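I opened the notebook to look up a few things in this structure. Here is what I checked, entry by entry.

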Amino acid sequence: MTADTSTATEYLNQLTTALNEIDLSRVANWGSRLARLRGKGQRLLVAGNGGSAAEAQHLTAELVGRFRTERSPISALALHAETSSVTAISNDYGYEEVFARQVRAHARPGDIVLLMSGSGRSPNLLRAAEAAREAGAVTWALTGPAPNPLATLADEAVTVTARSLSTVQECHLVAVHLMCAAVDAAVDAAAARDVTTVATPAAEPIATEPAGSAPSAAAPPSSTSSPEPVRERRPATARKARPDLVVVGDAFLDHDHLGRVERVASDEPALVVSGGSTHMRPGGAALAAVLSARQGYPVTLVTALGQDAVGDRLRTLLDEARVEVVDLGLDGSTAVKTRIRAAGRTLMMLDEHDVCPPVGRESETALAAARRALTAAGGILVSDYGRGVAAHAGLRAVLAEAARRSPLVWDPHPRGAAPVAHTAVVTPNSREARVIASLAGSTLAVGDTLSDDVEAARAVWGAWGPVQVALTRHEHGAVLLTDADMPPLVVPTKVAAGRKADPCGAGDFFAGHLAAMLACGRLPSEAVTSAVVAASAYVAAGGPRSLEHSPEYPPDDDSAMTGPATGPMTGLSSVGPAAAARGAVELADAVRARGGTVVAAGGCFDLLHIGHIQLLEQARRLGDCLIVCLNSDDSLSRLKGPSRPIVPAAQRALVLEALASVDAVLVFDEDTPEAAIRALRPSVWVKGGDYSGMEIPENELVRSLGGRTVVVPFVAGWSTSSLIESARTR
């Protein structure tokens, strides 16, 4: 064997050894996840230096073009290929910022940033990883031997153990091709599922149901639903700023009788309602349609009305609200519901038509009109009140078809139908979720805590999933579950003080606003957050009274039947910053002993900004005290680099304790808050929205201690690093 042959053999042996040690399962998983980026408004950003730059560009070319399988392109950018940006940034900010600044410009929550480095120590890639995390993007690292700083900093890493940099780079090229092959495999598998769906329409639940019967609320939407775990996904962007909405569901006429309670009947313990007046308004799906129309959206209502005076009155009210009506026909009387209210409360509800007549008097003509409306819809809301419209077999087939093109929100009813296939989000309230879970065979603990509601949302997922579940929690906001294995997004709301709120229609308002936001291209997390704010404003404005412009429609009288506030925490004194002197652990123990909920959040909080403030305010609303676990100076320096912190820990703690939302601060010196969490044993551990859809390291520990990890919305575009960078450039 010659010297040249010996060198080649040794080189190939090293390459073979290195290839055998690559984490092939993770590489394949990356490819599958890249395939899911198609058509979701998300992208891959790739960066590298030298040979790694060439391989980064190789990967993006295969994704934007094709590897083997013909498919739609995947959005992917190689950051070094933006030559004008690279030279300008290097000239103005230094080469260490060449990728980080581009990441700040392009990366959005849910995007993927892949950083390729033979050494794993390039400063410009480390800066890019920090920028990606601040932007809420997922970071992957493809590096040389571990451990190295880049692999440690990234969310996930594939490392290559080899002595030679050229061997590392050749292994990286193999990994690139393996990812592309995994993309093709995932696309082929999805195409096969679509073919099966088209070829076997009998898989839709309605095909196996007896004629005229409603699908069980406990049944899954369809066996044709995607078996992939449901991550938060962005709907296709609407072409119009005010997309057309179609509301489908049961409509009835609501009567509100507002009176006074001044005495109890002499012959039995019954309240006597005297005086007052009665007012009519659309109810059920008709109310949902009117509320959406009041927000400026063109709305069509697909419903079933009787040929009677009540139906005529309801048509008039809908026409006045500029809601187009497609009437499937009702073989019976239009339903009327009456609420008797006094002292700001509903005392009794009367349902004059508890038996639901058959739907479909005008089946063929009306169904064709419904199909035209749903085909043109930017967003769809099914407002099911369990009276037969959402269970109509022909309409369900049209809905399942429309849900492939436009986001469909399903607001369910315990006596109603199961969602159709391809439903984007279901919106049960806490009580409805428990009934749905019970019908599906799940047994849930009785309670209305955050943990109880999250378990109820998981049970709905189990009954109908995979589907995103936005569970509304009445005055406490909402929970969004996009994946049963991931922590939920919790969107709390402030409870209005003073006059008792009338929540009638709040769920309809929430679901309609959610459908509109999805139709406008918003992420589910953004849409749910916006819907909570909008529904809260609707209740604060008077609820259904906000639909009336007549001064004859009086506000509810709060002067009677008032009493002390009630609730699970009545009698628990508020805990303010002064309690921090007793120590964070003592505070947690005291609140827990009184039956309260301990909430904790962690972070560096170096240069406090609006994103921090919003996170802390939302976290505080989730329980009875908020304790912040704060990185010490040494811990922060190890995490962010030797230039940090900007503000010493003692001063950071004082600033945090001055906030009304923070009850105590616990400073920890370790790299993670594990010891702090063990000491506090929080019921709720809160992370910011940039962690949505990601594995959270503390999750398992919090669960083992009986708590729950949740994610709250964040303010995009704000980070300590960006503030430091802005100050530096100015």
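**Cavities**

I began with the lining of the largest cavity, which by class has seven nonpolar, two polar and two charged residues. For these classes, Ala, Val, Leu, Ile, Met, Phe, Trp, Tyr, Cys and Pro count as nonpolar, Asp, Glu, Lys and Arg as charged, and the others, Gly among them, as polar. Eleven residues line this cavity, and Asp 250, Ala 251, Ala 304, Leu 330 and Arg 387 lie nearest its centre. I noted its volume as about 90 Å³. The count came to three cavities of 30 Å³ or more. A cavity here is a set of points on a 1 Å grid over the protein atoms alone where a 1.4 Å probe fits but cannot get out, and lining residues have an atom within 4 Å of a point. Grid points are joined across faces, edges and corners, and the volume is the space filled by probe spheres set on the points.

**Ground rules**

I kept in mind that this is a predicted model, where local features need pLDDT of at least 70, side-chain atom pairs count only at pLDDT 80 or more, and totals for chains, interfaces and linings use all residues. Residues are numbered from 1 along each chain as its sequence is written, and side-chain values use heavy atoms, with hydrogens and water left out.

**The chain as a whole**

I found 23 helices and 23 strands in the protein chain; these are DSSP runs numbered from the N terminus, helices being H or I with at least four residues and strands E with at least two. Of the 730 residues, 52% are buried. Buried means under 20% relative accessible area, exposed over 50%, and partly exposed in between, with a 1.4 Å probe and protein chains only. I also looked at contacts (heavy atoms within 4.5 Å). Among those with a separation of 6 or more, 72% are between residues 24 or more positions apart.

**Aromatic pairs**

How many aromatic pairs does the structure hold? I found three. Rings of Phe, Tyr and Trp (its six-membered ring) pair if their centres lie within 6.5 Å; planes under 30 degrees apart count as stacked, over 60 as edge-to-face and the rest as tilted. Trp 30 and Trp 140 are stacked, because their ring centres are 4.6 Å apart and their planes at 5 degrees.

Phe 252 sits in strand β7 (residues 251–264) and Tyr 385 in the loop between β13 (379–383) and α12 (393–402), so the pair ties together parts 133 residues apart in sequence. Phe 252 is buried at 3%.

**Around strand β4**

I stopped at Thr 139, in strand β4, which is buried at 1% relative accessibility. Beyond its neighbours within four places in sequence, its contacts include Val 113, Leu 153 and Asp 155. In the loop between β4 and α7 (149–153) I came to Pro 147, joined to Ala 146 by a cis peptide bond with omega about 0 degrees.

**Positive phi**

Arg 322, a residue other than glycine, has a positive phi near 65 degrees. I found Arg 322 exposed, at 74%.

How values were computed. 1 Å grid on protein atoms, 1.4 Å probe; cavity = no way out; pocket = protein on both sides within 12 Å on 5 of 7 lines; lining within 4 Å.
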